[in-house]
Amino acid sequence: MGGANMQQLMRQAQKMQEQMQQMQLDLDGRTYEAAAGGGMVKVKISGIREVLELTIDPQAVDPDDVEMLQDLVLAAVNEALRKGEETREAEMAKMNAAAGLGGLF
């Protein structure tokens with residue numbers, strides 16, 4: 001009797017592992033966008049945290065205030081990374097809740 005339950009438990013664990021791997025692939029394939037300075041600086045990142053695109057409105061380029069542009073770029077990049085991380089955490093929490101694992105992962 002115990003062997004059958006163990007086999008079922010192992011199948012469930014394997015299925016959950018496959019679902020987790022698929023979710024990871026899905027999350028890695030997503031893109032996240034953010035902007036700063038009223039849209040003057042825009043950034044797009046991948047789910048694997050690579051900057052894919054950076055757009056700077058020419059009006060944001062002031063040779064006398066390079067620090068402002070640097071701050072806008074940092075703000076946009078950090079916001080896009082934050083969005084990606086929040087999405088990743090939310091998806092993992094859903095998976096954990098569905099599997100009855102609480103905060104295990």
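Reader: Why are Glu79 and Arg82 said to be separated by about one helical turn?

Author: Because they are 3 residues apart in helix α2. Helices here are DSSP runs of H or I with at least four residues, strands are runs of E with at least two, and both are numbered from the N terminus. As for the ground rules, residues are numbered from 1 along each chain as its sequence is written, and side-chain values use heavy atoms, leaving out hydrogens and water. This is a predicted model, where local features need pLDDT of at least 70, side-chain atom pairs count only at pLDDT 80 or more, and totals for chains, interfaces and linings use all residues.

Reader: What makes Glu79 and Arg82 a salt bridge?

Author: The term calls for a side-chain nitrogen of Lys or Arg within 4 Å of a carboxyl oxygen of Asp or Glu. For Glu79 and Arg82 the closest N and O atoms are 2.3 Å apart, so the pair qualifies. Glu79 is partly exposed at 27% relative accessibility, and Arg82 is partly exposed at 35%. Salt bridges with shared partners also bring Glu79, Arg82 and Glu86 into one network.

Reader: How many salt bridges does a search of the whole structure find?

Author: It finds 6 salt bridges. One of them joins Asp28 and Arg88, whose closest N and O atoms are 3.2 Å apart. Asp28 belongs to helix α1 (residues 2-29) and Arg88 to helix α2, so this pair ties together parts 60 residues apart in sequence.

Reader: Which parts of the chain does the pair of Glu85 and Arg49 link?

Author: Glu85 forms a salt bridge with Arg49, with the closest N and O atoms 2.7 Å apart. The pair links distant parts of the chain, 36 residues apart: Glu85 is in helix α2, and Arg49 is in the loop between β2 and β3. Glu85 is partly exposed at 29% relative accessibility, as is Arg49 with a relative accessible area of 47%.

Reader: What makes the phi of Arg49 worth a remark?

Author: Phi of Arg49 is near 65°, a positive value in a residue other than glycine. Most residues other than glycine have a negative phi. Arg49 sits in the turn of the hairpin formed by β2 and β3, which has 4 residues between the strands. The hairpin of β1 and β2 also has 4 residues between its strands, and there Gly37 takes a positive phi near 65°.

Reader: Which residues make the nonpolar surface patch?

Author: Val51, Leu54, Ile56 and Val61 make this patch of about 320 Å². Patch members have over 30% relative accessible area and no salt bridge, with like charges joined within 9 Å and nonpolar side chains (Val, Leu, Ile, Met, Phe, Trp, Tyr) within 5 Å. Areas come from the Shrake-Rupley method with a 1.4 Å probe, and for residues only the protein chains shown count as cover. Leu54, in strand β3 (residues 51-56), is partly exposed at 43%, so its value passes the area limit for a patch.

Reader: Which residues form the negative surface patch?

Author: Asp62, Asp64, Asp65, Glu67 and Asp71 form it. Asp and Glu count as negative and Lys and Arg as positive, while His and the chain ends are not counted. Each charge is placed at NZ of Lys, CZ of Arg, CG of Asp or CD of Glu. Asp65 lies in the loop between β3 and α2 (66-99) and is partly exposed at 31%, so its value also passes the area limit.

Technical notes
Buried < 20%, exposed > 50% of the residue type's maximum accessible area, 1.4 Å probe, protein only. Pairing = 2+ DSSP bridges.
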